[in-house]
Amino acid sequence: MARKFSPIVALALIFAVFYDPDTFEPESVRDKRVLITGSSSGVGEELAYQYCKLGASLVITAKHGVLIRNVASKCKQFGAKQVEYVVADLGRPEDRKNVVGAAKKHLGGGLDYLIFNDEPTDIRVWSGSEIGRASCRERV
């Protein structure tokens with residue numbers, strides 16, 4: 001004999017599967033130290049603004065000096081606790097070191113969030129036998 005689901009059980013099951021309450025707490029970002037790469041436009045720029053509005057301290061990077069300077073200025077208008085920018089091409093090892101140094105200096109030696117929003121410069125599959133590129137070995 002086949003069992004039938006009652007409509008109430010079916011609705012409860014659908015609700016349980018598709019209901020996803022928003023559990024984000026804006027206060028969880030306040031006073032956090034955030035490094036966002038590729039912040040001169042698009043998604044990276046918008047992320048910088050949103051983190052600023054929530055009270056985070058930022059270091060933002062991009063290849064385009066004028067654009068990243070403008071983003072940093074706007075972040076200050078949005079109320080960033082602290083915002084510093086670094087003009088850097090993360091495809092260059094010396095620029096990666098500069099970004100790490102700036103993050104250490106301006107964010108008190110550590111990071112709470114790293115958002116790598118830069119265009120990839122060296123994509124390869126990790127073999128598991130190496131630590132990674134120099135940027136991965138640098139600890140912020």
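I looked first for disulfides, defined as pairs of cysteine sulfur atoms within 2.5 Å, and the count came to zero. Cys 52 is in no disulfide, and its nearest cysteine sulfur, that of Cys 75, is 3.3 Å away. I note that this is too far for a bond.

The model is predicted: local features need pLDDT of at least 70, side-chain atom pairs count only at pLDDT 80 or more, and totals for chains, interfaces and linings use all residues. Residues are numbered from 1 along each chain as its sequence is written, and side-chain values use heavy atoms, without hydrogens and water.

Cys 52 is buried at 1%, and Cys 75 is buried at 0%.

Of its 18 residues, Ile 36, Tyr 51, Leu 58, Ile 60 and Cys 75 touch the most other members. Strand S1 (33–36), helix H2 (42–53), strand S2 (57–62) and helix H3 (65–77) each give two or more residues to this core; helices (H or I, at least four residues) and strands (E, at least two) are DSSP runs, numbered from the N terminus.

I listed the contacts of Tyr 51 (heavy atoms within 4.5 Å). Leaving out residues up to four places away in sequence, Tyr 51 touches Val 29, Val 34, Ile 36, Ala 56, Leu 58, Tyr 113 and Ile 115.

Key:
Buried means under 20% relative accessible area, exposed over 50%, partly exposed in between (1.4 Å probe, protein chains only). A nonpolar core is a set of buried Ala, Val, Leu, Ile, Met, Phe, Trp, Tyr and Cys residues joined through side-chain atoms within 4.5 Å.
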